[in-house]
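Subject: Handing over a structure

Hello,

Here is the structure I promised to pass on. Please have a look at it first, and then read my notes below.

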Amino acid sequence: MQKLLACLAILTYLGVPVQAQNSTPAEPHRPRFHFSPKTHWMNDPNGMVYHKGVYHLFFQYYPDGTTWGPMHWGHATSADMLHWREEAIALYPDSLGYIFSGSAVVDVNNTSGFGRNGQVPLVAIFTHHNPKLEKAKSETFQYQSLAYSLDDGKTWTKYAGNPVLPNPGIVDFRDPKVRWYEPAKQWIMTLATKDRVTFYTSPNLKNWTKASEFGRDLGAHGGVWECPDLFPLQHKGKTVWVLLVSINPGGPNGGSATQYFLGDFDGKTFKPYNNATKWMDFGPDNYAGVTFANTGNRTILMGWMSNWQYAQQVPTDPWRSATTVPRELSIQEVGNELYLASKPVAELNTLAAKPTTLQTVSVNGQYDLTPTVGKLTGPLRLTFTALATEDVSVVLTNDAGNELVLGYDKTANAYFIDRSRSGKTNFEKGFGKRNTAPRLATDKTLTMTLLVDVASVELFADNGLSVLTSNFFPEADMNRILLRSASGVTVKRLTYAKLASTLPDKGK
């Protein structure tokens with residue numbers, strides 16, 4: 001009944017076919033349950049906010065091509081973060097520049113003064129990127145600006161007083177993530193400033209004061225710091241502040257990735273618990289992820305499911321890029337160390353068909369699951385548990401001989417995704433390789449959950465402690481699923497479920 005009611009709520013909200021796009025033979029890699037734009041280029045998620053029962057996703061968008069160009073804010077809405085409806089473009093470039101990344105908030109107290117006649121304003125805080133100043137070699141070509149909506153996000157008005165935070169002379173001065181800090185009754189802006197993060201405070205979103213800096217000598221610095229986010233999580237009755245920082249290049253498996261720090265925040269200064277460099281997702285295809293605003297006790301993140309190493313070369317048309325599945329974040333403890341964990345949101349369960357469950361599966365060499373679960377015909381979720389004493393792999397394969405191999409390597413004590421034989425890989429020299437994530441858990445039993453779309457896989461291991469996200473581009477649909485273990489392993493429990501498509505035609 002709960003599943004039926006959720007579906008009815010979604011249909012009531014949408015009123016028209018969801019995500020106005022079609023899955024056809026001409027679009028073999030079109031995601032079935034991840035958001036992708038109908039056409040053209042997309043990168044970072046922006047301005048994600050929950051308001052009046054609707055999730056708003058804004059995103060970096062170029063409506064005139066399938067590679068990066070003058071940035072706009074695209075816009076999509078959803079009742080459940082899975083069924084998305086693409087809306088009209090929210091923000092266009094103007095005389096101050098392109099519309100780069102940023103965030104959006106619900107200004108419930110109307111601190112900005114934008115509200116009228118009791119209408120609570122949604123306020124977007126974003127980076128203006130001025131190409132003329134950049135071409136002139138000025139260091140001040142990025143600055144922060146505002147726009148507001150009084151019709152629940154349908155239309156937006158840019159603030160006449162833009163920019164609200166001028167550039168002090170920093171080449172990379174961008175990606176404001178803003179949240180309300182209740183103890184001080186003020187807004188906090190977390191801003192990427194080249195090789196560090198700078199925090200600003202404001203009573204009204206218009207006037208900003210520099211509070212502190214963080215990270216010049218901490219964390220990974222293989223590339224420019226981008227798309228930060230700061231938010232609190234609860235762990236054993238204590239507030240743990242999480243600071244996300246995306247970096248490109250310099251990720252653990254090459255190119256783009258997101259690191260994080262855990263610590264304390266007093267409204268002005270962030271103090272990390274230690275100097276360790278930690279990664280939110282070790283896969284190559286989760287970048288620039290930030291959290292939704294206004295989601296109460298839930299902290300939900302979505303990322304750009306791509307990598308700047310090859311994002312503009314991937315073999316998709318007439319669109320490029322998708323978002324990750326929405327993920328709920330939490331703090332987990334291993335020994336005396338705290339980690340950020342992420343798991344798919346519970347809403348994903350509404351897409352799952354009745355599962356097939358197997359107990360005590362002995363894998364000696366290779367075990368073909370296909371006769372039991374049937375030939376693969378679309379997205380799936382596979383969860384299994386096994387002792388962490390032997391290697392174990394899941395293999396997705398097809399009639400073209402492509403193989404995507406993922407699993408656990410006992411010798412390295414690491415999870416991996418190997419896309420070296422996964423299909424089309426020659427569009428970029430570093431694409432077809434094996435990516436790994438260390439196993440952080442110390443339990444004797446490991447757990448892996450795989451979310452497989454037609455051209456992506458997201459691996460969540462050990463309750464979300466180790467995560468790998470990866471795109472792949474098979475030459476034909478993956479239609480068989482195998483388990484492998486050269487040394488032999490017993491899978492204690494395995495659960496397989498088909499996932500419904502969120503495309504209008506329900507996929508194939």
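Helices (H or I, at least four residues) and strands (E, at least two) are DSSP runs, numbered from the N terminus. With that in hand, β9 and strand β10 (residues 186-193) pair in the antiparallel sense over seven bridges. Within this pair, R179 has I188 in β10 as its bridge partner.

Before going on, a word on the source. This is a predicted model, in which local features need pLDDT of at least 70, side-chain atom pairs count only at pLDDT 80 or more, and totals for chains, interfaces and linings use all residues. Residues are numbered from 1 along each chain as its sequence is written, and side-chain values use heavy atoms, with hydrogens and water left out.

How confident is the predictor? pLDDT is its confidence in each residue, from 0 to 100. The chain has a mean pLDDT of 94, and 94% of its residues reach 70 or more. Over residues 1-23, however, pLDDT stays under 50, and the model has 44 contacts for them beyond four places in sequence (contact means heavy atoms within 4.5 Å). Where pLDDT is low, the predicted coordinates should not be read in detail.

Back to the sheets. β9 and β10 belong to an open sheet of four strands, ordered β9-β10-β11-β12, with antiparallel pairing. Its edge strands are β9 (173-181) and β12 (209-214), each of which pairs on one side only. On average, neighbouring strands of this sheet are turned by 25° against each other, direction ignored (axes are lines fitted to C-alpha atoms, and angles run from 0 to 180 degrees between N-to-C directions).

Another open sheet has five strands in the order β4-β3-β2-β1-β20, and its pairing is mixed. β4 (84-86) and β20 (319-320) stand at the edges with a single partner strand each, so one side of each is left without a neighbour in the sheet. Strand β1 (residues 40-51) pairs with strand β2 (residues 54-62) in the antiparallel sense over seven bridges, and M42 stands opposite Y61 in β2.

Finally, have a look at a hairpin. Strand β30 (residues 456-461) runs antiparallel to β31, joined to it by six bridges, and E458 stands opposite T469 in β31. Four residues lie between the two strands of this hairpin, where D462 takes a positive phi near 55°.

Best wishes

Note on methods
Two strands pair if DSSP finds at least two bridges between them. pLDDT is the predictor's confidence in each residue, from 0 to 100.
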